[in-house]
Amino acid sequence: MTEIAINVSNVSKVYRLYERPMLRLKEALSIKKKKYHKDFSALHDVTFHVEKGEMLGIIGKNGAGKSTLLKIITGVLTQNSGTVEINGKISALLELGAGFNFEYTGIENIYLNGQMIGFTKEEMDAKIDDIVNFADIGDFVYQPVKTYSSGMFARLAFAVAINVEPDILIIDEALSVGDVFFQSKCYNKMQELKKSGKTILFVTHDMSSIMKYCNRAILINDGTKVAEGTPKEMIDLYKKVLVGQYDPKEDDLETLSEVLDGEKEEKVIQEGSWKSHMLVNPNFINYGDQRASIIDYGIFDENGRITNTIYKLDTFMIRMKVKFHTNIKNPIFAYSIKDLKGTELCGTNTMIEDQTLDEVKEGQIIELSFTQKMMLQGGQHLLQLGCTGFENENLVVYHRLYDICCIQVVTDKMTIGYCDLDSKVEYNL
């Protein structure tokens, strides 16, 4: 019989929002019990369970209610209704260093956190060397935490949480801290815990990590559990949520498998604005002489669905519409993809592809697409679009959109470098 580590049943949480702090006191002293607040439902009737030894991912947009849910599970917050049952000791990384005393030394905080989890001093004595070695902050472990850099603080907090050998480990975006070597060590340790039968509840915006590490996932949107299933199923549904295509009536639990398997016809966006369905960067860079302007754009997956999320090695399409405000000869249309540090990773244009137009007339709208295979590694990248041309051997920019939107690449296999060459391994034994 399957053992349940975490059982969440019909949990709801409502916050009271006041326009001014004084209104909270005014409401408390009101003889007529007048309300001065607005109710905000952070969670509504959420139900799910996590089996012992399972790694469950929780995904959703910012503000969906994920962190509130984790705080209720760990006892930091109290729900308004519903129940939470926990079977085992929990170690949680909700906010790195939560519960640390900044006046205490690193060593003192290790013992303090162990005591909060439920370990005795003798039990922590047996774990202290592993924690100190994992944190790897040298003699700073004997100094007050208030003297630590943010990196040292993160190392110590994670070392404590992951090395106390909890029955249940809860992680909320904590693996994004520290340098790449420390992150690698954290993931390896998490894998060890998973293989040893520990239960892990994992919240992250990194869909590749959800794909690679989790057995199952649930999707939360606007405080409500939308669905649960395999990581790929939930990521596919999350893609629809991100671009405003999720319809609770159409994508209910009964029809979800049909939608994701492609048995139900997808409503492909052919009319109207593509960009209105995209997750657009509000701080994109926009320039050019405006003799032509990019009036619409979109990213489409191999099923023709508009999205910001593409699976590695899948075929996808970048589409754009450009309106010309004057006659232009041989315009060049281009796209490129950068990483978050600004490094150009890949891209092309219609001149490179030998697909230029002779002349475009004033008022004409050109719609074009670039179709290719996604070879980039998993992670978040930024899209650039442009319409340029050469006049008297000089490059002229009619319109460029830099960092216009994010392309999130999802994969459960990370190879080396910026791209995956899709190698095939054969043995001749």
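Guide: Buried means under 20% relative accessible area, exposed over 50% and partly exposed in between (1.4 Å probe, protein chains only). This is a predicted model, in which local features need pLDDT of at least 70 and side-chain atom pairs pLDDT 80 or more, while totals for chains, interfaces and linings use all residues. Residues are numbered from 1 along each chain as its sequence is written, and side-chain values use heavy atoms, without hydrogens and water.

Visitor: Is Arg20 buried, exposed or partly exposed?
Guide: Arg20 lies in the loop between strand S1 (4-17) and helix H1 (21-29), where helices (H or I, at least four residues) and strands (E, at least two) are DSSP runs numbered from the N terminus. Because its relative accessibility is 48%, Arg20 counts as partly exposed.

Visitor: How many residues of strand S8 are buried?
Guide: Arg216, Ile218 and Ile220 point one way from S8, whereas Ala217, Leu219 and Asn221 point the other way, and all are buried. Strand S8 (residues 216-221) is therefore largely enclosed by the rest of the structure, its buried residues numbering six of the six.

Visitor: Which residue stands opposite Arg216 of S8?
Guide: Strands pair if DSSP finds at least two bridges between them, and strand S3 (residues 55-59) runs parallel to S8, joined to it by four bridges. Opposite Arg216 stands Leu56.

Visitor: Which residue in S9 is the bridge partner of Leu219?
Guide: Five bridges pair S8 with strand S9 (residues 224-229) in the antiparallel sense. The hairpin of S8 and S9 has two residues between the strands, and Asp222 takes a positive phi near 50° there. Within S9, the bridge partner of Leu219 is Ala227.
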